Amino acid sequence: MRPTPGIVRERLFNWLGAAVQGARVLDLFAGTGALALEAWSRGAAQVCLVEKLPRHRDLLRANLAACACPESALCGHDGLVFLKQCRQGFDIVLLDPPFHQDWPRRVQASLFASPALAQARWLYLESAVDEVWPEDSLPQDWSLHRHGHCGDSHYHLYHRHEVSP
């Protein structure tokens, strides 16, 4: 497990600012839940954590209880299955998948086709340098807002803007 470093979480949530308040947040590869729980602590109305590994899900349950976040926030096992079955929209979608498994490419088509992202305004992706999405592969209404790196972690915050007809 490789949780998002504290300095990166702080930077991400400073970038998001007031957008977190009252937001519906999806943490698709939750791991420890650090990203979703940070959103919860900053006033998100709802967090939904998706994590496949049973030992990580046990840790998530403990972290949810420690933060007084409802256990119902743990709402899925497999990220790709969740995206296909999800009928709810989110405002902020967070992805910090395992590195060096080509997850950004594997999840991209499902993510942008899912109702989970239909209303989202913000998308965060953390990855290894060789797994960053090329900007030209993003749908037209998404653009890079900010980015940075910490060690071998590269992180990108994308923003959805209105497209003129």
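This section describes the sheet, the helices packed on it and the nonpolar cores of a predicted model.

The strands β3-β2-β1-β4-β5-β7-β6, in that order, form an open sheet of seven strands with mixed pairing. Strands β3 (74-76) and β6 (142-150) lie at the edges, each pairing on one side only. On average, and with direction ignored, neighbouring strands of the sheet are turned by 20° against each other. The pairing of β2 (residues 46-50) with β3 is parallel and comprises two bridges; Leu49 is found opposite Leu74 of β3.

The largest nonpolar core contains 27 residues, of which Leu12, Leu16, Val25, Val47, Leu49, Ile92 and Tyr124 touch the most other members. At least two residues of this core come from each of α1, α2, β2, α3 (54-66), β4, β5 and β7, with α1 giving the most, five residues. Beyond its neighbours within four places in sequence, Leu12 contacts Leu35, Leu94, Tyr124 and Leu157. A second, separate core holds 23 residues, including Cys86, Trp103, Ala116 and Leu123.

Trp103 is also one of the buried residues of helix α5 (residues 103-113), together with Pro104, Val107, Gln108, Ser110 and Leu111. The elements covering these buried residues of α5 include α4 (79-85), β4 and β5.

Terms used:
Residues numbered from 1 in each chain as written. Predicted model: local features only at pLDDT ≥ 70, side-chain atom pairs only at ≥ 80, totals over all residues. Heavy atoms only, no water. Pairing = 2+ DSSP bridges. Helix = DSSP H or I, 4+ residues; strand = E, 2+ residues; numbered from the N terminus. Axes fitted to C-alpha atoms, helices over the stretch in contact; angles between N-to-C directions. Buried < 20%, exposed > 50% of the residue type's maximum accessible area, 1.4 Å probe, protein only. Contact = heavy atoms within 4.5 Å. Core = buried A, V, L, I, M, F, W, Y, C linked by side-chain atoms within 4.5 Å.
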